[in-house]
Amino acid sequence: MAGFDQTLRPFLWRAERLYPDTEIVSRTHEGIQRYDYATYSDRTARLANALTDAGIETGDRVATVCWNHHRHFEAYFAVPSVGAQLHTINPLLPDEHVQYIVENAEDRLVFVDPSLVEKLESAYDPSTFESVAQFVVMGESVPDTDLEPITDYESFVGSHDADYEWPELSEDAAAGMCYTSGTTGRPKGVEYTQQMLWAHTMATLTPQGLDIDDTDVVMPVVPMFHVNAWGMPFSVTAAGAKHVYPGPSPDPEDLARLIEEEGVTFTAGVPTVWLGVLEYVQEHDVDISSLERIMVGGSAAPKSLIETFDQEYDVTMLHGWGMTELSPVGTISHLKPEMREWDRDSKYDQRGKQGLILPGLEFRVIDDDGEEVPWNGEDFGELHIRGPWVTDSYFGRDDANEADFDGSWLKTGDIVTVDSEGYLTIVDRTKDVIKSGGEWISSVDLENALMAHEAVVEATVIGVSHERWQERPVAFVVLSEAARDRAEPEAVKDELFELVRADYPKWWTPDDVLFIDEVPKTATGKFDKKVLRDQYDDPDLLEDAAPEDAAPEDA
Ligand code: ADP
């Protein structure tokens, strides 16, 4: 039997003792703030005392409505390590979801960023916020607001002692909580225990994971309000590496400048972030040569993005897949040793897949008949996954628990293939699959093909109802600024059709390509197909399109 449980606090203890001078840099509402692990540890202990004095007890939920910065990072270790539960709330969710979440979680205290006070005020409702006894603004002062009682973070923490007797916690103690964005129905709460976060940290630290070590300078762009910023605040601390937090609503320029000024070696975020950064660095004089690798995930990373970062900037993109339910990382696409000798194009193809399961997890892929699919890269089914950092239930949602779990297996709702080497490819989410003439078209594959065109910045594909074929694919494309200037959309459209035809059956060709200014995004920065479906699911849209040869019979 182990003599001590798997909990987060020893990661902090180690960083403080072994790397006291390593920096934590944070872009905040007040400008760039900079301190070291010694100061971080001090402030975290003060925060622990402040929480205890504010009446936070074991098992209480403490919510954050915050961007990525040092104060949020202090809450990341202090809250779980006093025995409470860190509940990160996505400020981009609609008000009624925030109300539902606060009421459902019964949050006791809420940390909120100055720039998000207004948002929280608009969501505030005395009955759903009844459990909240205190608001704390993440800054040095309190803006004008009706939220109360309210204080500012520095006053809340400042007068407290830097000595704190951290409790010995059970690894089964609840440490974190996050709700899925609820693109369909109410958000579902996922709770993380100390052990889940510990196990996730250890797995992501390995070379098969994110391979972070004490020489790294790590900038998590993926928001800390969504699934623990992919666990990076914990793993970067466990490694004793330097943290760089990009703060409120960073744009591509902010990110590129932080990479240059802080010497960032590793960063992480959704593909749309990197598409923006790429466009920025290609057009501006900024030095990102310190950057070695980018973790990209949350939605499928276009192969062209992986290729361009590698060829133009010598940056390796690690494509990964994960879910809120998985704390969240499940796979990373590293190349197996023999693949490193492959030609460039085959390597990019392999890296473009969602990749290999992290050590510690198991998966199976189940088809419509309930059978496991062979590992042949072609047959597909739903991905089921289990392991020490995969949840076994949703918080208080017996309805969803019944449908989404099979014993220890989480049914992910992702449709995948597995190649003979065990690399997973997400071909669609169950709800995004396009069914045309009884056959099935992968929206993800089409998006990938379209985004390979140099004039395309973003592309997304949805199924639009069709009288004869049930559904037909329609693409929505955002052109780069340069392409817009010399706009000949009809010519680009033809080239896009050609690109798809080159790799896929003719009937996969979208019935139309619509040029739009921006693809609507979800609260986590993913393409929001629901909005497009609501707006465009109109058979008339296809009146003139759908050439007869674009039909499944033609396959
Ligand atoms: P939300 O539903 O709020 O977006 P998650 O972050 O939990 O919440 O989303 C998880 C889902 O995102 C996965 O089930 C999968 O469909 C999608 N996803 C995550 N990473 C990838 C990836 N690399 N490629 C394709 N889809 C991905």
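## Salt bridges across the chain

Lys-529 forms a salt bridge with Glu-447, with 2.7 Å between the closest N and O atoms. A salt bridge here is a side-chain nitrogen of Lys or Arg within 4 Å of a carboxyl oxygen of Asp or Glu. Lys-529 sits in helix α18 (residues 529–536) and Glu-447 in helix α15 (residues 443–451), so the pair ties together parts 82 residues apart in sequence. Helices (H or I, at least four residues) and strands (E, at least two) are DSSP runs, numbered from the N terminus. Lys-529 is buried, at 8% relative accessible area. Buried means under 20%, exposed over 50%, partly exposed in between (1.4 Å probe, protein chains only). Glu-447 is buried too, at 9%.

This is a predicted model: local features need pLDDT of at least 70, side-chain atom pairs count only at pLDDT 80 or more, and totals for chains, interfaces and linings use all residues. Residues are numbered from 1 along each chain as its sequence is written, and side-chain values use heavy atoms, leaving out hydrogens and water.

## A bridge within one helix

Arg-257 and Glu-260 also meet in a salt bridge (3.2 Å, N to O). They are three residues apart in helix α10 (residues 252–262), so about one helical turn separates them. Arg-257 is partly exposed at 24%. Glu-260 is partly exposed at 33%. The salt bridge count is 33.

Cys-66 is in no disulfide; its nearest cysteine sulfur, that of Cys-178, is 13 Å away. Cys-66 is buried at 0% relative accessibility. Cys-178 is buried at 1%.

Key
A disulfide is a pair of cysteine sulfur atoms within 2.5 Å.
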